[in-house]
Amino acid sequence: MTAEELYYLGGLMQAKYIDYDYISAMGDIQKNYRMYESNAVDGLAGKGLIEEDFSGEITVSVSIEELLSPVFFGDFEAEIDICGVQEDSRKIVKLHTDQDKTTLVELDENQLVLKKMQGNDVVEYGKDIFGFLKDETDENIEFDEQKVSEIYILKNTVIGGESDVRILFRIENSVFMEDENEEIKRINDQDIIQTIQSVLVEKGA
C-alpha cells in the first residue's frame with residue numbers, strides 16, 4: 001500500500017500513533033485533502049482492504065486490521081535502515097510489536113509492504129539481509145571509510161522508554177561494527193545474528 005493509504009487507515013482505526021517515517025513518505029495531502037481521501041479509499045477498496053456501503057460507511061477488513069494493530073498500537077518498534085553509500089540509496093525496514101504480534105513493514109519511497117512475522121522470522125529476515133557473508137571474503141580487509149558500500153543502522157525503541165542503536169558497515173563481503181567505545185571492528189555472522197536478536201527482537205536486552 002502507499003503511505004497515504006496507511007495514514008488513512010490510521011484515521012479509521014483511531015491509531016495511537018503513526019511512525020514519522022510513514023508520514024514523511026507522503027505527499028502534501030493538505031493541498032487537496034479531498035483528492036487524497038478519494039484516492040486512498042479507491043486504492044484500499046481496490047485491494048479489498050476496506051468496504052464502503054451505500055451510506056458511505058467504511059469497514060476495515062479483519063485481516064488488515066490485525067496486521068496494522070502492532071503498527072498503530074504497539075509498545076515496541078525496531079528498524080533496519082539500509083543506506084547504499086555508493087549508489088546513494090536507502091531502504092527502511094520497520095518492525096512493530098504489540099504483545100506477541102509483530103508486523104514488518106518494508107518502506108521504499110512511498111510504497112509499503114506489510115508482512116506478519118512469527119517465531120524466528122525476524123532473525124531469518126536479518127540473516128537474508130546479511131546473506132552475502134556466506135560468500136568468500138578476504139580476512140585481511142581492514143576498515144576504511146572510503147571503501148564502505150553500505151551502512152546498516154539497527155535500532156529499537158520501547159515506547160515511553162529507552163532506545164538501542166547499533167551501526168554496521170559493509171566492505172565487500174565483510175561487516176564491521178562500531179562498539180560502545182566507538183571503535184570499529186570486524187564481526188562474524190554469529191555476532192550479527194546475536195545483534196539482530198538483541199536489538200530487533202529482545203528490546204536491546
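Tutor: Helices here are DSSP runs of H or I, at least four residues long, numbered from the N terminus. The model is predicted.

Student: How do I read the packing of α1 on α3? At what angle do the axes cross?

Tutor: Angles of 65 to 115 degrees count as roughly perpendicular. Helix α1 spans residues 3–12 and helix α3 spans residues 33–46. Their axes cross at roughly 95° and come within 9 Å. That makes α1 roughly perpendicular to α3.

Student: Which residues make the contact?

Tutor: From α1, take E4, E5, Y7, Y8 and L9. From α3, take Y36, E37, N39, A40, V41, G43 and L44. By class, the contact of α1 with α3 has seven nonpolar, two polar and three charged residues.

Student: Why is α1 described as largely enclosed by the rest of the structure?

Tutor: Buried means under 20% relative accessible area. Seven of the ten residues of α1 are buried, so the helix is largely enclosed. Those residues are A3, E4, E5, L6, Y8, L9 and G10.

Student: What do the buried residues of α1 pack against?

Tutor: Their partners are the helices α2 (20–24), α3 and α4 (62–73), plus the strands β1 (50–52), β2 (58–60) and β6 (111–117).

Student: Now a loop residue. Is N173 buried or exposed?

Tutor: Apply the cut-off again: under 20% is buried. N173 has 18% relative accessibility, so it counts as buried. N173 sits in the loop between β8 (163–171) and β9 (174–178).

Student: Which side chain does the side chain of N173 make a polar contact with?

Tutor: That of R170, at 3.2 Å.

Notes
Residues are numbered from 1 along each chain as its sequence is written. This is a predicted model: local features need pLDDT of at least 70, side-chain atom pairs count only at pLDDT 80 or more; totals for chains, interfaces and linings use all residues. Side-chain values use heavy atoms; hydrogens and water are left out. Axes are lines fitted to C-alpha atoms, for helices over the stretch in contact, and angles run from 0 to 180 degrees between N-to-C directions. Helices (H or I, at least four residues) and strands (E, at least two) are DSSP runs, numbered from the N terminus. Angles under 35 degrees count as roughly parallel, over 145 as roughly antiparallel, 65 to 115 as roughly perpendicular and the rest as oblique. Contact means heavy atoms within 4.5 Å. Ala, Val, Leu, Ile, Met, Phe, Trp, Tyr, Cys and Pro count as nonpolar, Asp, Glu, Lys and Arg as charged, and the others, Gly among them, as polar. Buried means under 20% relative accessible area, exposed over 50%, partly exposed in between (1.4 Å probe, protein chains only). A polar contact is a pair of N or O atoms within 3.5 Å; within protein, one must be able to donate a hydrogen and the other to accept it, and residues adjacent in sequence count only if both atoms are side-chain atoms.
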